[in-house]
Amino acid sequence: MSIENDGDAGDVITPATPALLQSAGSRRAFLRSSAFTLVAAGVATACRDKDDVPASRTPSTVTQNPATTPASPKSQIPVEHGGTLPTPAAGPVSATAADAMDAMHEKGIKAFPAKTAGKGNQLLAPRVEKGVKIFEVTARKFQWETEPGKMVEAWGYNDQVPGPQIRVREGDRVRLILHNELPESTAVHFHGLEVPNDQDGVPFITQQPVKPGQSYTYEFTAPNPGSHMYHSHHNSAKQVGLGLLGAFIIEPKQKRAIEKVDVDYVLILNDGMHGYTFNGKGFPATEPIVARLGQKVRIRFMNEGMMIHPMHLHGMHMTVIDKDGWAQPAPWKCDTLNIAPGERWDVIVNCNNPGVWAFHCHILPHAESDHGMFGMVTALIVKKPGEA
Amino acid sequence: MSIENDGDAGDVITPATPALLQSAGSRRAFLRSSAFTLVAAGVATACRDKDDVPASRTPSTVTQNPATTPASPKSQIPVEHGGTLPTPAAGPVSATAADAMDAMHEKGIKAFPAKTAGKGNQLLAPRVEKGVKIFEVTARKFQWETEPGKMVEAWGYNDQVPGPQIRVREGDRVRLILHNELPESTAVHFHGLEVPNDQDGVPFITQQPVKPGQSYTYEFTAPNPGSHMYHSHHNSAKQVGLGLLGAFIIEPKQKRAIEKVDVDYVLILNDGMHGYTFNGKGFPATEPIVARLGQKVRIRFMNEGMMIHPMHLHGMHMTVIDKDGWAQPAPWKCDTLNIAPGERWDVIVNCNNPGVWAFHCHILPHAESDHGMFGMVTALIVKKPGEA
Amino acid sequence: MSIENDGDAGDVITPATPALLQSAGSRRAFLRSSAFTLVAAGVATACRDKDDVPASRTPSTVTQNPATTPASPKSQIPVEHGGTLPTPAAGPVSATAADAMDAMHEKGIKAFPAKTAGKGNQLLAPRVEKGVKIFEVTARKFQWETEPGKMVEAWGYNDQVPGPQIRVREGDRVRLILHNELPESTAVHFHGLEVPNDQDGVPFITQQPVKPGQSYTYEFTAPNPGSHMYHSHHNSAKQVGLGLLGAFIIEPKQKRAIEKVDVDYVLILNDGMHGYTFNGKGFPATEPIVARLGQKVRIRFMNEGMMIHPMHLHGMHMTVIDKDGWAQPAPWKCDTLNIAPGERWDVIVNCNNPGVWAFHCHILPHAESDHGMFGMVTALIVKKPGEA
């Protein structure tokens, strides 16, 4: 879920309307032989088998003397962004295993962003009573489609994984009503919020657990601003792993200059029972982040999984501004940001490099197999002026 | 082990006298049915079985229309800290699997802090000869109780896991005498201390190994101040994993203002052959950190394990001041601090939020199972004025 | 590969000529019994067996009353750096399992730095045509010796793991010609370089894959300076895991004062199919970093693996200056630096403490087993004036 704003107090929140790679793909004249599609169907088995045999037994199709293959510098091939993809200089081409693998890789990328049922992390509008912003969430079991055709059992809030995004302003009076329709007891912990102890959501320490069929109400004044989370704190390795989690963002009363951005994006990482996901979906069903050249994007990383995920952005760097909702003493830059479970990191990207940029966890087995990209991969798309 | 001090050179070091959750629990009127205790005995098996069957087969006990369950806002229930725990609004309650699981969870929390034999990380008083502070440690095998009834084989110093805490002042002349009663050779490395090379404790690089039955003496002037460690550097994956480790703290000649705290706590994380532990114990046998409202607590995190542990504090934030004993250029804030093996991080907590606050590794499988909290969980207890 | 420079634009790049521990070892009079070498041959099996039986069954050889073993303080034994290794005070010595284990440990350390066929990360000299620096790399399969006698299948550039080191200056026009002699398609991604989108090297997003037998040319103006990488971005979990990776360093037009160092060292961490390696080799075949007392060493850490590696330096601290090629707001100090996959961290070590200093990943199972040190271990050797 993407929020476009102008940096003012009265930000207008609208769903992002990303230009899909898929539609970009349809504009492209891929120089592929028909063998690709012919081979693609029987390919999964073939490649898996290939992995089981020593690579030395794989038939070699390489040129014996590559130095004799004249290389025409890429810069001599006129290519325009959005047009034909740059293509290697001609040479002897294997039409076998390599092509079959490539076809799988291409298929995944051209499917991006793939449609799936259900969308998590949707902004939840509160109802307001006597100045209190009231959010109501129901925890229950449901089926969740993480990528096309892959259904998993989810335990989540309001049938979303991640649960609905809650956004309030520092100082707001907030009430959250939890209905428990799960077969287990549960409770909501406000991760990062410095609430009074009896609102902290830890069964047997700060409250009784909320039994199946019961409801429970939390209420507090929105404290320290920043990118926070809410999630179950009961049997949490399982309950959070299955999806009982969401973003809880507290806007500051006064924004810093660096926070005035064009796109405000929440990216929740997970690696539990649903596989490697961004906002509850695995590639190619992940959502691209879309901006225009010259715009500023804020990304709020949140890790609700069990592993670190060093997020790597291609083509541009990230300026790290906040850790767990607290401003860093000075912003600092990187292109790979290591995010541990429970951490939140806020970064700004100045979108000064147009194109479709891969954006993924750099633990490569979280992002790519011999069948192509999967899991923790998305893209930051920076559109040029006039580009649809 | 907790050290209360006033920030002066002549700090008085006393054992912490934590107000236990257990005693707090005895003051509370838990609204639990007698079914809890009746079911609790046969519960471990039942829940384990439940995990093996598809969740959809678990009998559902949920309300069909939760919206019709009137939710009374928590804020309308008068609850005082230390009194009755906040309780969900009435609703249909399952008295089966969920209750059984809750009973296990409750039992663990009410046992906290559980008594076990042995206490690690105890301050070791040196004997002083001709101005040299002499510490003597014996490495040997012993049985160690990590949580009530769980005995493991430990290899440690002075029958403690972690070994005794060593504290000296920058510039002190320090002698450490090691007696090896292990069945293997060993050596002591002073992790983080910039000692002369021949005192570095790496067999075959800086010294001969210390054979079973031998003794060995290290001596140096306490160099760079900060939170450091000492541990075996011989067959270390095993020897450190079994407990041959401890804190080695060098107080600076001159304290910075930010270092003047009321409680100075060392928290050593481990994840080896003894399970997930804080200072050698797993929840509920971990030790709470106790402070009074308005006090400042310094926590010296040290990771002697093989995995990262992002430590999450509820209710308050941590101000990070030092990394590996070196001051950060500027303090910075967080509520979740990722600590990698070999790292030390020093943080300050301004205890401005009273209550019992969960404090745990946020890799949730290191902290909770369907049987309740375990391993890397403790609490920071902030007492109000007058609270016992 | 080590680059000695004086901080000027015209740095002279020469291979390091490390003083080997091995030769240092030959100067040392090890006080070892002949039993060591006698037992060494049959030792691997014996120790492995010992691990399988409960430690309590291991015959005990310890002194019953260690306090009666007089300990002569180490400081009373005159030891000079480079002379006899410090030796424990006399005591009853077991000549059995412990000695056998020690012999294995000693053997590994005395072998360091062990010779193996092949050396990765060698500086690649470009040919220059019309002001363009042209680098040519061939991706192919070959056998790679990670430690003496351990041959693995590698997929790499120019028969090196890591691939040849590319160094250019900010603003240089750079052309990289890739020849693909692999049985799979591939592509080169310039990790950290902010190049135009069509040079980003991601098949089906920014270019067509480079098929077996084909060549491909990348060309761009060297953008943001710093410690970057190049590697495959196609079937990357496998292709990078097998060695299709290398350092891509862009020198800034203007060096900061802190960057003027005597030794500039690239250290690429990996943990894939070749085991735990530094620059493609496991201990004892890793390369020591060698400097003279008073010199400054820059280490450019790059993680091309799948796991974090907290690198711990003995005896001296590291001053962290850059993250992913970007200057940190202020340098900060540590002795253990956690490096996640895809990250680059640049540090400076002021070599003010002479000796041979262990330098290793502090996830101990990445560095030591009961057979001795292996994998992610090397040394920083600081030589005193006049030392060979």
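Guide: This is a predicted model. The domain assignment divides chain A into domain 1 (127–251) and domain 2 (256–383).

Visitor: How far apart are the centres of domain 1 and domain 2 of chain A?
Guide: Taken over C-alpha atoms, the centres are 23 Å apart.

Visitor: What makes you say that the two domains of chain A are in contact?
Guide: Two residues are in contact if their C-beta atoms lie within 7 Å. The contact takes 23 residues from domain 1 of chain A and 23 residues from domain 2 of chain A.

Visitor: Which elements supply the side of domain 1 of chain A that touches domain 2 of chain A?
Guide: At least two residues each come from strand E3 (132–147), strand E9 (226–232), helix H5 (236–241) and strand E10 (245–251) of chain A. E9(A) gives the most, with 5 residues. The residues of this side of domain 1 of chain A are 11 nonpolar, 11 polar and 1 charged.

Visitor: Why are strand E13 and strand E18 of chain B called edge strands?
Guide: In chain B, 5 strands form an open sheet with mixed pairing, in the order E13-E23-E20-E15-E18. Strand E13 (289–292) and strand E18 (336–339) of chain B each pair on one side only, so they are the edge strands.

Visitor: How do you know that E13(B) pairs with strand E23 of chain B?
Guide: Pairing needs at least two bridges, and 4 bridges join E13(B) to strand E23 (residues 377–383) of chain B, so the two strands pair. They run parallel. In E23(B), B:Ile381 is the bridge partner of B:Val290.

Methods. Residues numbered from 1 in each chain as written. Chains lettered and ligands numbered in written order. Predicted model: local features only at pLDDT ≥ 70, side-chain atom pairs only at ≥ 80, totals over all residues. Domains from an automatic or database assignment. Nonpolar A, V, L, I, M, F, W, Y, C, P; charged D, E, K, R; others polar.
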